[in-house]
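This briefing is for a reader new to the structure shown below. The points after it are grouped by topic.

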Amino acid sequence: MVVSITFKLETPFKMHQRTFSAALLKLDCEKEMARIETVMRETVLRQFRKKGVVLGMSGGVDSSVVAAMAVRILGKERVFGLLMPERDSAGDTLSLSKLMAEHLGIEYATEDISPILEVVGCYRRRDEAIRRVIPEYAEGDKNKIALPALGDKQSYRLFKVVVQHKDGRLAEANLDLKSYLGIVAATNFKQRTRKMLEYYYADSMNFAVAGTPNRLEYDQGFFVKLGDGTADIKPIAHLYKTQVYQMAEFLKLPEIIRSRPPTTDTYSLPQSQEEFYFSLPYDKMDQVLYGKNNGYSAAEIGQGMGLSAEQVERVLADIEGKRKVANYLHAAPAVVEDIR
Amino acid sequence: MNYTNEIREFIVSSFLFGDRASLQDDTSLLDSGIVDSTGILELITFLEDTYKLKIEPEETIPDNLDSINKVVRFLSERQAKVA
């Protein structure tokens, strides 16, 4: 008697074999440094034929890690730091960026960009946009724009502006299209002005410009086109923010840098990155993004994070939506035919 | 009022640049990628300016705005409240 046994594959083939958890983001820092070193030497020194790198330093963990990596790979004489505060910068931005530059022993320059921003009308244009929805907004009041948290229900996350008047009173208003675009366009001057100065120094020293976005920012379009989105090399764009913090520890960055919470440092009221852009705190965004990038289902991701599959689905939809917007931010100029 | 045609024309001209084939009355504007978060603001501005109404923050939900059918239903309900 011949017995025929047929096995039916019940489970779809998975890219992964490991159960989803935060531990999947654990990085082999030594190995990763070697990988980044190869790319940095090959591109900056051999391909671009530049003598070193310039980078803007905000005192945040991303720019601090990139600076430390560059010093380790190229030597401190080939790394130049630019500290570029403006009148809305957080009080500790300048001191932390200076601390980091001196910790690394690199040459640096401080350029207060407030005068440039005044002349180009950054503050005036932003304030005019705010006054469309909060007419009593006065010069010297503090402001930020914020998104509502990703709620339990499906809803649009629409920006509002929050204002703190000089007497401490708070006011907020939902932004209509013109006000939202007006505020973003005006504040984008800040990132673009900084990039302009980075390239000035880079050109004058025959250096390349190092950008400092992490993977979450790069993937999700959390940057300004021709502002912080522009650079010759982006050494940590492939690292999740969680991994950037691991590298910060591996590179022995000062504790005060490693423990500073991520901010946008763009508005005069303190603004967290999840208020401005992301659905969740960065460590949770990293996990969802990692899960999406590595073929885990919403249920698997949720189980590993203590969230429902439905909550994860909403974050995944938000990620996908932002990726579509990021296409424009990443796009090279369109040309009619292949020129080179 | 023929909300359906007016809203369809607005979406086709503002987001589809004349390509109306991809838009049905029940097409999800978000899921299909026709409208993003800035586009929602554009839609809200169009509805407020065209129909002289104020859309409150609690009304800016997909149930009211995510397809032509849903927008038409939302506008009809608002019209009925005023009448």
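In this predicted model, A:Ala67 is in contact with A:Leu55, A:Met57, A:Val79, A:Gly81, A:Met100, A:Leu104 and A:Ile106, leaving aside its neighbours within four places in sequence. A:Ala67 is also one of the residues with the most contacts inside the largest nonpolar core.

**Nonpolar core**
- The largest nonpolar core has 92 residues.
- Besides A:Ala67, the residues with the most contacts inside this core are A:Val53, A:Leu55, A:Val65, A:Ala70 and A:Ala210.
- Helix α2 of chain A, residues 61–74, gives the largest share of this core, with ten residues.
- In soluble globular proteins, nonpolar side chains tend to be buried together.

**Sheet in chain A**
- Three strands of chain A form an open sheet in the order β4-β5-β6, with antiparallel pairing.
- β4 (142–146) and β6 (170–174) of chain A are at the edges with a single partner strand each, so one side of each has no neighbour in the sheet.
- On average, neighbouring strands of this sheet are turned by 20° against each other, direction ignored.
- Strand β5 of chain A, residues 160–164, pairs with β6(A) over five bridges in the antiparallel sense.
- A:Val161 has A:Ala173 in β6(A) as its bridge partner.

**Contact between chains A and B**
- Twelve residues from chain A and eleven residues from chain B take part in the contact.
- On the side of chain B that touches chain A, helix α2 of chain B (residues 37–51) supplies the largest share, five residues.
- The residues on that side of chain B comprise five nonpolar, four polar and two charged.

Notes. Residues numbered from 1 in each chain as written. Chains lettered and ligands numbered in written order. Predicted model: local features only at pLDDT ≥ 70, side-chain atom pairs only at ≥ 80, totals over all residues. Core = buried A, V, L, I, M, F, W, Y, C linked by C-beta atoms within 7 Å. Buried ≥ 20, exposed ≤ 12 C-beta atoms within 10 Å, placed from the backbone. Helix = DSSP H or I, 4+ residues; strand = E, 2+ residues; numbered from the N terminus. Contact = placed C-beta atoms within 7 Å. Nonpolar A, V, L, I, M, F, W, Y, C, P; charged D, E, K, R; others polar. Pairing = 2+ DSSP bridges. Axes fitted to C-alpha atoms, helices over the stretch in contact; angles between N-to-C directions.
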